[in-house]
Amino acid sequence: MKNLKAKQSIRPNFWKNIDMTEMTKPEWEALCDGCGKCCLLKLEDEDTNEVKFTNIACRLFDDNTCKCQNYALRKQMVSGCVVLTPENIERIAHWMPNTCGYRRVFEGQSLMKWHPLITGNPDSAHITNNSFQNRTIPEYDVEEDDFENYIIEDLA
Ligand code: SF4
Ligand code: SF4
């Protein structure tokens, strides 16, 4: 029983010294800074494969809380939703924003200074204006032909 409890805990500085495949579920979830950037629609240039983010948010995104409205069932409700795991992070990391906690740890970089694991404040991405809280347009309010008008040039 004691071991089970230990496996579910968050160890100090785990992101610096624990391999991603060895992280507990709470540790893995804690790598997310809550920025909401991965819930923004992306456009890929057919010729260059360059990916650009827009400020149009996925239909399940709640702009006020900056969270998914159904995190547990996100993949069932939005087939294109990418569920990061220690197994697929290598393939997906380059699609994530440079500030993303998962991408940064995978690439051996330090977390952003405003990351909740650094500040101890779960809202620090919002307080420091590093999240998309109250900054998105719902997917269903924009015609697909107009998506490129919402491209963000500097995501970070
Ligand atoms: S981009 Fe990364 S850190 Fe930001 S919300 Fe998505 S998974 Fe979390
Ligand atoms: S389903 Fe939820 S987690 Fe997935 S992209 Fe949409 S809002 Fe984000």
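**Note on the predicted model and its two ligand shells**

1. Around ligand 1 stand Cys32, Asp33, Gly34, Cys35, Gly36, Lys37, Cys38, Met96, Pro97, Cys100, Gly101 and Tyr102, a residue being near a molecule if its C-beta atom, placed from the backbone, lies within 6 Å of it. This shell divides into 7 nonpolar, 3 polar and 2 charged residues, where Ala, Val, Leu, Ile, Met, Phe, Trp, Tyr, Cys and Pro count as nonpolar, Asp, Glu, Lys and Arg as charged, and the others, Gly among them, as polar.

2. This is a predicted model, in which local features need pLDDT of at least 70 and side-chain atom pairs count only at pLDDT 80 or more, while totals for chains, interfaces and linings use all residues. Residues are numbered from 1 along each chain as its sequence is written, and chains are lettered from A and ligands numbered from 1 in the order in which they are written.

3. The shell of ligand 2 consists of Cys39, Cys58, Leu60, Phe61, Cys68, Arg74, Val78 and Cys81; by class, it holds 7 nonpolar, no polar and 1 charged residues.

4. The average pLDDT of the chain (the predictor's confidence in each residue, from 0 to 100) is 92, and 94% of the residues score at least 70. Where pLDDT is low, the predicted coordinates should not be read in detail.

5. Of the 156 residues of the chain, 24% count as buried, that is, with 20 or more other C-beta atoms, placed from the backbone, within 10 Å of their own.

Definitions and conventions. Buried ≥ 20, exposed ≤ 12 C-beta atoms within 10 Å, placed from the backbone.
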